[in-house]
Amino acid sequence: GRNASAPTLHVVGCAFSTTHSAVMGVPGDEGLRPLQVFAPRIEVFRMGQSTPNPGSNNTLSCTMMLNFLQSPAKRHFYVVSNLKGAFGATGAVALSDWTGANAHLRVAATPGGTPGFGYWNDSAKTVTSYVVASIEAGETLHMSMVVENSPAGQDSPPIYLTTGGGAIVSRVADPDASTVLAFPVRVREINSDPGYARPLLVLAARWTAGTSASQATQYPLQPNRITLSLISTVTCHMRTRTYDAISITVANFSNAKAPTGPVALSEIACTSPPCVWEADSTTMFAATPGGTPKEGYWDASKFSLTLYLLREVPAFMLASFSFAVTNPAVGQAYPPLSISSTGLRITTVDTACDASLTCLVPSPSSLNRHPLFVEYAAFTITKAGQSNPNPGAANTITVTMAVNVPLLLGVVFVLSNVVQAKGNAVLSVSGETVAGLGVNSGQLVSATFGGASYSASLGEDNAERA
């Protein structure tokens, strides 16, 4: 480029004019001043995208205009660089023009190559396009290409357009900050935010507040069903260029009993449609990559359940299901569960959680429904009496007791310190005589429910002296 010159005008053969007069440029328009030449530059370079979802195919759109002729004769080419977080196979990548003007047919992946392609370098994160048909100065081009987004969240990086061949100029892209994307989400404030069209902005995957766990019973040694509800803020793809599988592990079901190996997942019955979860949530998961649907993998040594994703799960789709364990024999406080993932890392916004494992919030407000909270067994009523205080006389010892938890067949009660009583006892429980039980033990003969009381009478002979 150069500044305008000051040309002069004179008329040959006119006696009345012997001096040169300066010619003024066109007022108000710098570009029309005589011999004013602008430096080569990129007048317009804007970029946007179709989705901020991690791991998804993403269409990057580019609008550009240069102020000089771009010609295949001069081997002009473009390099778009710093496409951080974009993934694709190194080699020719198809370009398109969403306006229908076929601007993409003006360039190729190699000099003189097939029109409609650029060359993607996955390690350098650049795409190079060689001009194969002349592009006039001031001509606006619209081109787009498809890449795969990073599986991790990131902000939109600064992206550069550099020209090569005749003139070497560069410019950073103006990000699309106005387009409202229609990517599939179910939260209005995300869906209506125009900032998500900025190129290569990728949302961090996280679990929503609806991700939770609960249990069916808090009683020791009882069969228990753990219910899990999982909701992610992003669409989860079962595999991408950067990972082969997504696994989700929920851990710290402390002291829960189940054999190591596949465990069946059960759907949650819908009693009042419409339900908020997908009807076939269990078919999303398997115990191994590509394994049998409706299973998870239970690790008895780690008290953990691992699920492998079998199909794509849209953002904000609730997966809700249950699985069976047995509660421990001894009461315990609620163990804080953790949830982690591989492949696509899904986190929460809870800063109190460990950096690698995120807290799984129990769903119900009732402590009894917190997973693996187990009630400590205790007597709530214990009373004892007798029928006859006289020495050497037959006597009936009556014991009344109640416990706060259900009792299973095989639970043993021991009545100790029955001093100086003689003979073999006959035990009657709730009015039914049970023979063959020793004086110092009684065996419950049927399962009961917490809070029920039982009277046991022991027929004995008193000692012959006080």
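A residue counts as buried when its relative accessible area is under 20%. Select Cys 236 to apply that cut-off: at 8% relative accessibility, Cys 236 is therefore buried. Bear in mind throughout that this is a predicted model.

**Cysteines**

Do not look for a disulfide: the structure holds zero.

Go to strand β11, residues 140-149, and select Glu 148. Which side chain of opposite charge is nearest to Glu 148? It is Arg 241, 4.4 Å away. Glu 148 is buried and has no salt bridge. The side chain of Glu 148 reaches the backbone nitrogen of Arg 241 at 2.8 Å. Then show the surroundings. Leaving out residues up to four places away in sequence, Glu 148 touches several others, including Gly 55, Ser 56, Asn 57, Phe 87 and Thr 240.

**Salt bridges**

How many salt bridges does the structure hold? Six. Visit three of them.

- Select Arg 41 and Glu 43. Their closest N and O atoms are 2.9 Å apart. Arg 41 is partly exposed at 38% relative accessibility. Glu 43 is partly exposed as well, at 27%.
- Select Arg 106 and Glu 139. These side chains meet in a salt bridge at 2.6 Å, N to O. The pair links distant parts of the chain, 33 residues apart. Arg 106 sits in the loop between β7 (91-94) and β8 (107-108), and Glu 139 in the loop between β10 (126-131) and β11. Glu 139 has a relative accessible area of 24%, which makes it partly exposed.
- Select Asp 155 and Arg 198. Their salt bridge spans 3.2 Å, N to O. Asp 155 is in the loop between β11 and β12 (160-164), and Arg 198 is in the loop between α1 (188-191) and β15 (212-215), so the pair ties together parts 43 residues apart in sequence. Asp 155 is exposed, at 52% relative accessibility. Arg 198 is partly exposed, at 27%.

In soluble globular proteins, nonpolar side chains tend to be buried together. Select Phe 253, Phe 285, Trp 298 and Phe 323. Among the 39 residues of the largest nonpolar core, these four touch the most other members. Colour β16 (223-230), β17 (247-251), β22 (304-309) and β23 (319-326): each supplies at least two residues of this core. Which strand gives the largest share? β23 does, with four residues.

Zoom in on Phe 323. Beyond its neighbours within four places in sequence, Phe 323 is in contact with Ile 226, Leu 228, Phe 253, Val 263 and Trp 298, among others. A second, separate core holds 30 residues, including Val 131, Ala 167, Val 169 and Leu 200.

**Positive phi**

Most residues other than glycine have a negative phi. Two exceptions are worth a look.

Select Lys 125, in the loop between β9 (117-121) and β10. Its phi is near 60°, a positive value. Is Lys 125 buried or exposed? Lys 125 counts as buried, at 16% relative accessibility.

End at Leu 221, in the loop between β15 and β16. Phi of Leu 221 is positive, near 65°. Leu 221 is partly exposed, with a relative accessible area of 43%.

Definitions and conventions
Residues are numbered from 1 along each chain as its sequence is written. This is a predicted model: local features need pLDDT of at least 70, side-chain atom pairs count only at pLDDT 80 or more; totals for chains, interfaces and linings use all residues. Side-chain values use heavy atoms; hydrogens and water are left out. Buried means under 20% relative accessible area, exposed over 50%, partly exposed in between (1.4 Å probe, protein chains only). Lys and Arg count as positive and Asp and Glu as negative; His and the chain ends are not counted. A salt bridge is a side-chain nitrogen of Lys or Arg within 4 Å of a carboxyl oxygen of Asp or Glu. A polar contact is a pair of N or O atoms within 3.5 Å; within protein, one must be able to donate a hydrogen and the other to accept it, and residues adjacent in sequence count only if both atoms are side-chain atoms. Contact means heavy atoms within 4.5 Å. A disulfide is a pair of cysteine sulfur atoms within 2.5 Å. A nonpolar core is a set of buried Ala, Val, Leu, Ile, Met, Phe, Trp, Tyr and Cys residues joined through side-chain atoms within 4.5 Å.
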